[in-house]
Amino acid sequence: MTNSWTDIKNTDLVVIMGGNAAEAHPCGFKWVTEAKATRGAKLVVVDPRFTRSAAVADYYAPVRQGSDIAFLNGVINYCIQNNKVQWEYVKNFTNANYLVKDGFTYQDGLFTGYDAEKRDYNRSTWDYQIGPDGYAMVDDTLQNPRCVWNLLKEHVSIYTPDMVSRITGTPKDKFLKVCEMIGECSSPTKTMTSMYALGWTQHSKGSQNIRTMAMLQLILGNIGVRGGGMNALRGHSNIQGLTDIGLMSNLIPGYLTLATEREPDLATYMSTRGFKPLRPNQMSYWQNYKKFFVSFQKAMFGPAATAENSFAYDWLPKMDVPSYDILRAFELMKQGKMTAYFCQGFNPLQAFPNKAKLAEALGKLKLLVIMDPLETETARFWENHGIYNEADPAKIQTEVIQLPSTCFAEDEGALVNSGRWLQWHWPGGSPPGEAKSDVWIMSQITLRLRALYQKEGGAFPDPILNLTWNYKDPNEPTPSELAKEMNGYVVSDVADPNDPTKKLLEAGKQLSGFGVLRDDGSTACGNWIYSGSFTEAGNMMARRDNSDPGDTGAYSNWSFSWPANRRILYNRASADINGKPWDDTRKLLWWDGAKWTGYDIPDIAPASKPQDVGPFIMNPEGVSRLFARGMMREGPFPVHYEPFESPVANAIAPKVRGNPVARVFKDDFAQFAEVASPDFPYAATSYRLTEHFHYWTKNNHVNSVLQPEFFVEISEELAKEKGITNGGWVRVWSKRGSVLAKAYATKRIRPMTVDGKTVHIVGIPIHWGFVGAAKKGFGANVLTPFVGDANIETPEYKAFCVNIEASTGPAVA
Amino acid sequence: MFPPAPNPPVAPTQAKFGDKDLIRRSASTITPASPRQTEVAKLIDVSKCIGCKACQAACLEWNNLHEEIGTFNGTYTNPPDLTPASFTLMRFTEWVNPETDNLEWLIRKDGCMHCEDPGCLKACPAPGAIVQYSNGIVDFVHENCIGCGYCIKGCPFNIPRISKVDNKAYKCTLCSDRVAVGQWPACAKACPTQAIAFGTKAEMTKWAEGRITDLKSRGYKNAGLYDPPGVGGTHVMYVLQHADKPEIYAGLPNNPRISPVVEIWKGVTKYVGFGFIGLAAVAGVLHHLVAGANRVSAEDEANAEKLTGSDRS
């Protein structure tokens, strides 16, 4: 989230699209009801289904899954055509006035530089024109046909209300009503918040779904302001922490990237991470990259990381592919190229797509280690559970080791919520039986591996032998020790340059924040964005002061919000070019003539003159991007692409199948239904229900009472057409598998008219499996396709095609 | 925001009300406590409810109830009806508003309304099985319950359920144990959106007014408070978007009243009945003298085991 949960109370309009906050985030949803009840805010829900969020909405519009970009490009087009633009914001705080290279064009669904063979682009033209002074060229009058604004205007012009309705299935009047409500928020004194979640991420163009809304929010002037923002509602209580700490195959903590094979030394690695400002005076904060990186290496390898050995750069892995994401991992497993798999707090047999492929892949492993507080399907993949998990244990040679771990309520530590708050918590109970904390388990593996390396040597022992492990009890570092390491500490004294008798930094002290990090090895910091969370003043994450001066919703003394305890990112943009708040009733920061002051920690150097330094300090331009340059694999502007399995061809680019740059493995392409396949005529989607949490709570009796049995949701019209009775059995199948489920014929799903054709929707909740207290059932992933988002590989769970028929149900044993 | 639920006290706390505060006791003549305690009420704002069932879970957990894991029956309402273990239940109704042709998903938390004029209590023939405290809470005292089921007949809202295990009637207590020590009912404490609020009846009525104004501003011209006068008002009230048609909310009675049968029962019939009871008692004694005592057979034991099940053992 750019903002925080509590900030939602400040909004005028909540748009829930690509998520279902009432269902999946009921506790956070209280801030929506609060905004409605006290501010008179309106709630708009755009979703294929009439959801629990829609049940309390002021306006609901249906949209076909996988067509969000068409919808949002249509809203952008509406705003541009009807002058619903926060002009001052757009002109000063976005790259609308930047000139784009002449070679850049868009035609028939593709941008310049496409290579169909590689399914990739040459992105060299996707950039600004650079002037003789080395800075990007701009045209403040917005007259130049090559400026971003004019290119954008042209790009979205095809998304007329009629075209939007044709692609999305949203009735034109409903689309226009949503446009009108959103358009009102272009006023500097009205804000809209976007609450989204997996409904946008789980598509082959998930990143672009989100980006399109971010662009709309910029055009409306809603980023950096109270009650605005792009608010990603995370799907696990600590998944924000997972990404922050870099648990992606290609990241290290704080969103730094692992080196690739093409970067053999630190100098080469840094050469593309310099982030030279693209406009005069801009902060371009990533210029500090090396400080973050070197301090991370010092935290990892301590005294063994020296300037002479490039701070142990060689000890980090170098990527040979863009990422070892979950899809690639299971593909490699299936090919027999990945033979051991550690599965920590994850249930991939339920969570990843195409269960048949997953089970086959797991069966080819030599070793599968499960660390989980619960029994999982993955740990039992080899067990035969009849129709729910057909397996022949005699043929599976995989050794499976289950290590029971503690659950969150038995642990101490911080969970990072969607609003980037690191909230410290304490154990509520003792772990049962032999369960051990994840920290203990990982420590034992580390220590025992190290002992083996010490004893036997090995191909490359250095990173293991030199890993810093100076904890009081090496067998189980305490959460505080780990948190202090992430915050960072001073390695060696740093003298004050103005007065050498004084120390700027004193060895052994906790760092006050990332502002003091250095690239010479005198500071160590496990995760630069968490710096400031555990300082000499103590554990900031454990703070529980719920006072809120000015009633702003910031709650600045409650826990710690990264970065630097900042509650709203880009908050300098809450004031105009002269530093005066857009809305006096919703002040956040203002320029007092000498510095930035206000209710939040300024997201800019406090003395930066408002006219000189742009609010988007992480971009070398200092402004936000309506044109993404080469940062997105599909292109600098979002384009509507159909899901890989779709009931219709792409209306704006009939020849383009799916996302043209999404990675698809060969065998998986063969398992996609053809476009508009008569064998798989129905548009399916999968989702969560409020009664359950993923695949955990089916182990809990009460949750299982509240939603006991697997079902699928269809319209009453489709039920009638297929002779399906409400509450009766159905069989649903895709090109990858087949499930039996109870049917829920509901008014909350309606057939849609897409491109002149009736499209029926089949909704599939995900929560059932073959272990647990609830009735045995099938996972939705029996049906879902094995393809991910082109940028980050989140699987396309939200849009695929199935068929359905009435059934007699499972044979009674 | 309505002030959030208070945290529980950490020191032992004296119960705020008890037997001395009764104003009614089933099949008994008592002197009602005077003066009455401030009347309490739970306000269920249907327009704020997201149907998350946290209230249902909290009710099961707090009251240590064991509901069966059922099946899917073509609705999100689970279990499909109130049971002796499910004192509260979210009832889901898909209703197409004929005026706008828009779907509205009406989600009503069902459970005991704690009537000011409680039909269950009036119908109950077992002395002290149903009591009403002066703060308005209607509570079942299970040790006095005879499982006759008359409370169900007496209830205009069809709430109490008889357990097949112990043959006693069960329903929501308004968490009288929690309220007695200054806590909100478990459901209200668990509600994430403050769709359930708790306080004095006056506070809740006033809070509801603000909600109704908000709903009217959003086009719900018939928004209103459900506090039906036919039962003297209730200590569980609803804010409804369409207060003119409560029946669309899974059959919430439009004008609930205590069944006339119960009213008559409490009138002349009662005294006529006493005569019959006397006769029956005499007949019973005669029967015992002639036929002897009733014995529990092995079959009875087996059936009882079946009903209680292993979970209860």
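This is a predicted model: local features need pLDDT of at least 70, side-chain atom pairs count only at pLDDT 80 or more; totals for chains, interfaces and linings use all residues.
What covers the buried residues of H7(A)? The cover includes helix H4 (68–81) and H8 of chain A.

Start with the helix itself. Helix H7 spans residues 161–168 of chain A. Its buried residues are Val164(A), Ser165(A), Arg166(A), Ile167(A) and Thr168(A). Gly169(A) follows H7(A). The phi of Gly169(A) is positive, near 80 degrees.

Now turn to H8(A), one of the elements in that cover. Two packed helices are described by the angle between their axes and the distance between the axes. Helix H8 of chain A covers residues 172–183. The axes of H7(A) and H8(A) come within 9 Å. They cross at roughly 115 degrees. The crossing of H7(A) and H8(A) is right-handed. On the H7(A) side, the contact is made by Pro161(A), Asp162(A), Val164(A) and Ser165(A). On the H8(A) side, Lys172(A), Phe175(A) and Leu176(A) take part. By class, this contact has four nonpolar, one polar and two charged residues. Two of the names return from the buried list: Val164(A) and Ser165(A) are buried in H7(A), and both belong to the contact with H8(A).

Next comes a sheet in chain A. Five strands form an open sheet in the order E3-E2-E1-E8-E9. The pairing is parallel. Strand E3 (59–61) and E9 of chain A are the edge strands, each pairing on one side only. From one strand to the next, the twist averages 20 degrees.

Look inside this sheet at E1 and E8. Strand E1 holds residues 13–17 of chain A, and strand E8 holds residues 192–196 of chain A. Four bridges join them, and they run parallel.

Strand E9 of chain A runs over residues 230–232, and Met230(A) lies in it. Is Met230(A) buried or exposed? A residue with 20 or more other C-beta atoms within 10 Å counts as buried. Met230(A) has 21, so it is buried. Met230(A) and Thr193(A) are 37 residues apart in sequence, yet their C-alpha atoms are 6.7 Å apart in space. Beyond its neighbours within four places in sequence, Met230(A) is in contact with several residues, among them Thr2(A), Ser194(A) and Ile210(A). Its other contacts include Met213(A), Ala214(A), Gln217(A) and Ile223(A).

Leu316(A) is found in the loop between helix H13 (289–301) and helix H14 (326–334) of chain A. It counts as partly exposed, because it has 19 C-beta neighbours inside 10 Å. Leu316(A) touches Leu258(A) and Ala259(A), leaving out residues up to four places away in sequence.

Move to chain B. Its secondary structure comes to nine helices and eleven strands. The radius of gyration of chain B is 21 Å, close to the 20 Å that the globule rule gives for 313 residues, so chain B is as compact as a globular protein of that length. Along the principal axes, its C-alpha atoms fill a box of roughly 75 × 50 × 50 Å. Of its 313 residues, 40% count as buried. Among contacts in chain B with a separation of 6 or more, 65% come from residues 24 or more positions apart.

Chain B has an open sheet of three strands, in the order E1-E5-E6, with antiparallel pairing. Its edge strands are E1 (22–25) and E6 (138–140) of chain B. The twist averages 25 degrees from one strand to the next. Strand E5 of chain B holds residues 130–133, and three bridges join it to E6(B). In E6(B), Asp139(B) is the bridge partner of Val131(B).

Finally, see where the chains meet. How many residues of chain B are in contact with chain A? The count is 32 residues of chain B, in contact with 36 residues of chain A. Helix H1 (54–62), strand E3 (89–96), strand E4 (103–110) and helix H6 (201–217) of chain B each give two or more residues to the side that touches chain A. H1(B) gives the largest share, five residues. That side of chain B divides into 14 nonpolar, eleven polar and seven charged residues.

Note on methods
Residues are numbered from 1 along each chain as its sequence is written. Chains are lettered from A and ligands numbered from 1 in the order in which they are written. Two residues are in contact if their C-beta atoms, placed from the backbone, lie within 7 Å. Ala, Val, Leu, Ile, Met, Phe, Trp, Tyr, Cys and Pro count as nonpolar, Asp, Glu, Lys and Arg as charged, and the others, Gly among them, as polar. A residue is buried if 20 or more other C-beta atoms lie within 10 Å of its own, exposed if 12 or fewer, and partly exposed in between; C-beta atoms are placed from the backbone. Axes are lines fitted to C-alpha atoms, for helices over the stretch in contact, and angles run from 0 to 180 degrees between N-to-C directions. A crossing is left-handed if the near helix is turned anticlockwise from the far one by less than a right angle, and right-handed if clockwise. The radius of gyration is taken over C-alpha atoms; the globule rule is 2.2 Å times the number of residues to the power 0.38. Two strands pair if DSSP finds at least two bridges between them.
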